[in-house]
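Subject: Handover of a structure and notes on its features

Dear colleague,

Please find below the sequence and structure that I am handing over to you. My notes follow directly after it.

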Amino acid sequence: MSAQVVTRFAPSPTGYLHIGGARTALFNWAFARHHGGKMLLRIEDTDRERSTDDAVQAIFDGMKWLGLDWNDEPVMQFSRADRHTEVVMELLERGQAYYCYCSPEELTQMREDARAAGKAPRYNGYWRDRDPSEAPEGVKPVVRIKAPESGEITVRDHVQGDVVFKTENLDDFIILRSDGTPTYMLAVVVDDHDMGVTHIIRGDDHLTNAARQIIIYNGMGWQVPDMAHIPLIHGPDGAKLSKRHGALGVEAYRQMGYLPEAMRNYLARLGWSHGDDEMFSTEQMVEWFGLDGLNKGAARFDFVKLENINGHYIREAAPQRLYEVMVETATELERTVDAEGLAANRDTVLTALPELQPRAKTVLELIDLAQFIYQVRPLPIDESAAKQLTDAARGHIAAFAEVLGGLDDWAVPAIDAAARSFAEAQGLKLGKVAQPLRAALTGRTVSPGIFEVMVLIGREETLARLADQAA
């Protein structure tokens with residue numbers, strides 16, 4: 001590619017940055033970075049009633065959390081309305097557009113007549129070739145594009161191949177409303193042209209829009225950008241992605257304890273592939289990314305796979321960084337006890353993290369696993385841990401606590417040796433001693449090695465917790 005590659009991500013600020021939008025942003029970002037080009041961000045806020053400042057901020061925050069940076073200042077589409085209108089006027093001068101004075105009632109009748117004739121309900125071109133002198137007084141017209149009346153429009157697409165639309169199915173759609181505001185269809189084309197966009201990567205629900213937008217490009221004599229329309233994400237059952245499947249905002253995934261690098265890896269595999277590679281760094285994705293790797297079939301969202309990928313990145317992450325994410329997440333979710341406990345026990349948590357990381361698939365699980373460090377006595381015991389605390393086990397806990405009280409060296413090797421000697425003397429396997437100890441000291445059946453736990457919380461806290469559960 002000789003010219004600089006320029007992609008764009010153009011969300012509407014009518015809600016959060018949803019997972020499908022995040023994937024579109026990722027593909028545009030990766031393609032631009034692969035070619036040393038630019039990805040631009042445009043906020044399509046022409047729907048003034050539904051666009052909000054909070055939604056704009058949610059898009060910025062979601063992009064930043066995902067690590068998807070953009071070039072240049074974000075473009076607010078509504079601010080360019082004068083430029084959009086200027087292009088409409090030029091299309092009128094070129095004879096590629098015209099004023100239409102039809103009333104809503106007349107348009108309704110046209111659609112009904114078309115249906116009665118077994119045709120698609122569409123505008124019939126009534127004002128297309130009429131003399132403006134016939135215009136009724138006091139009616140504010142719309143401006144419609146002159147779509148070709150015969151032939152075909154082909155969308156040359158990097159994913160879908162050549163998609164052919166018969167022009168008879170594309171009516172003279174509105175490009176300027178009667179109140180003087182441009183439509184989305186017109187604004188997108190003008191913005192993409194003016195911003196120098198070379199490649200449009202977006203959902204395949206825009207395929208029909210692409211055919212209409214090509215009419216505007218041709219009407220202005222502008223070059224049509226390369227296009228790649230990617231299939232939408234479906235749920236595991238093959239149905240359109242909904243909230244029950246995972247169609248949530250990006251911030252929800254952050255709050256559920258997913259890491260941004262895991263989300264990038266997972267989203268990249270939802271509709272793009274590089275051989276059989278499942279796990280890859282962001283640097284590898286950028287190196288490998290190309291439009292030829294985009295899949296034509298719909299991708300299925302799978303929480304189990306996302307969790308597995310996230311678990312991989314949690315195992316690989318530096319403890320210091322994970323600790324910071326844990327504190328931020330607990331604070332954001334208003335889990336005050338956890339936020340304060342993590343903050344007050346920073347060094348202990350950092351020491352414990354290498355033991356905790358292999359046991360967690362989300363940051364929330366990491367927080368739960370770390371609670372044993374700072375929980376206030378008496379510890380809450382979960383249901384599965386309570387089953388370990390039988391009367392016999394409580395007796396063993398009391399007896400072993402006496403052994404621990406006499407230890408001179410409070411270190412893992414010494415505690416380990418003492419536990420093995422105790423188990424042998426009692427005629428027990430080590431696990432029959434260790435599991436009740438884990439339940440008593442952490443309130444759970446999953447934790448770091450139980451002797452490491454004792455060292456982490458210290459001799460005094462260990463003996464106090466054991467006393468709480470001893471027979």
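Predicted model: local features only at pLDDT ≥ 70, side-chain atom pairs only at ≥ 80, totals over all residues.

Which residues in α3 meet which residues in α6? Val87, Glu90 and Leu91 in α3 meet Ile216, Gly219 and Met220 in α6, where contact means heavy atoms within 4.5 Å.

Residues are numbered from 1 along each chain as its sequence is written, and side-chain values use heavy atoms, with hydrogens and water left out. Helices (H or I, at least four residues) and strands (E, at least two) are DSSP runs, numbered from the N terminus.

The helix pair

Two packed helices are described by the angle between their axes and the distance between the axes. Helix α3 covers residues 81–93 and helix α6 covers residues 207–220; they pack at an angle of about 70°, with their axes 10 Å apart. Axes are lines fitted to C-alpha atoms, for helices over the stretch in contact, and angles run from 0 to 180 degrees between N-to-C directions. The angle makes α3 roughly perpendicular to α6 (angles under 35 degrees count as roughly parallel, over 145 as roughly antiparallel, 65 to 115 as roughly perpendicular and the rest as oblique). The crossing of α3 and α6 is left-handed, a term used if the near helix is turned anticlockwise from the far one by less than a right angle, with right-handed used if clockwise. The residues of this contact of α3 with α6 divide into four nonpolar, one polar and one charged. Here Ala, Val, Leu, Ile, Met, Phe, Trp, Tyr, Cys and Pro count as nonpolar, Asp, Glu, Lys and Arg as charged, and the others, Gly among them, as polar.

The sheets and the hairpin

Two strands pair if DSSP finds at least two bridges between them. β1 pairs with strand β2 (residues 38–43) in the parallel sense over four bridges, and arginine 8 has leucine 40 in β2 as its bridge partner.

Another open sheet of three strands has the order β4-β5-β8, with antiparallel pairing. Its edge strands, β4 (97–100) and β8 (174–176), each pair on one side only. From one strand to the next, the twist averages 45°. β4 and strand β5 (residues 142–145) pair in the antiparallel sense over four bridges, and tyrosine 98 has arginine 144 in β5 as its bridge partner.

A hairpin joins β6 to β7 through three residues. Strands β6 (residues 152–157) and β7 (residues 161–166) pair in the antiparallel sense over six bridges; the partner of valine 155 in β7 is valine 163. Buried means under 20% relative accessible area, exposed over 50%, and partly exposed in between (1.4 Å probe, protein chains only).

An enclosed helix

Eight of the eleven residues of helix α5 (residues 184–194) are buried, so α5 is largely enclosed by the rest of the structure. These buried residues are Met185, Leu186, Ala187, Val188, Val189, Val190, Asp191 and Asp192. They pack against β1, β2, α3, β8, β9 (199–203) and α6. Just after α5, glycine 196 takes a positive phi of about 70°.

Backbone exceptions

Most residues other than glycine have a negative phi, and most peptide bonds are trans. Aspartate 72, in the loop between α2 (53–66) and β3, has a positive phi of about 65° although it is not a glycine. Glutamate 334, in the loop between α11 (319–332) and α12 (336–344), has a positive phi near 60°. At 68% relative accessibility, glutamate 334 counts as exposed. A cis peptide bond, with omega about -5°, joins arginine 377 and proline 378; proline 378 is in the loop between α14 (363–374) and α15 (383–386).

Yours sincerely
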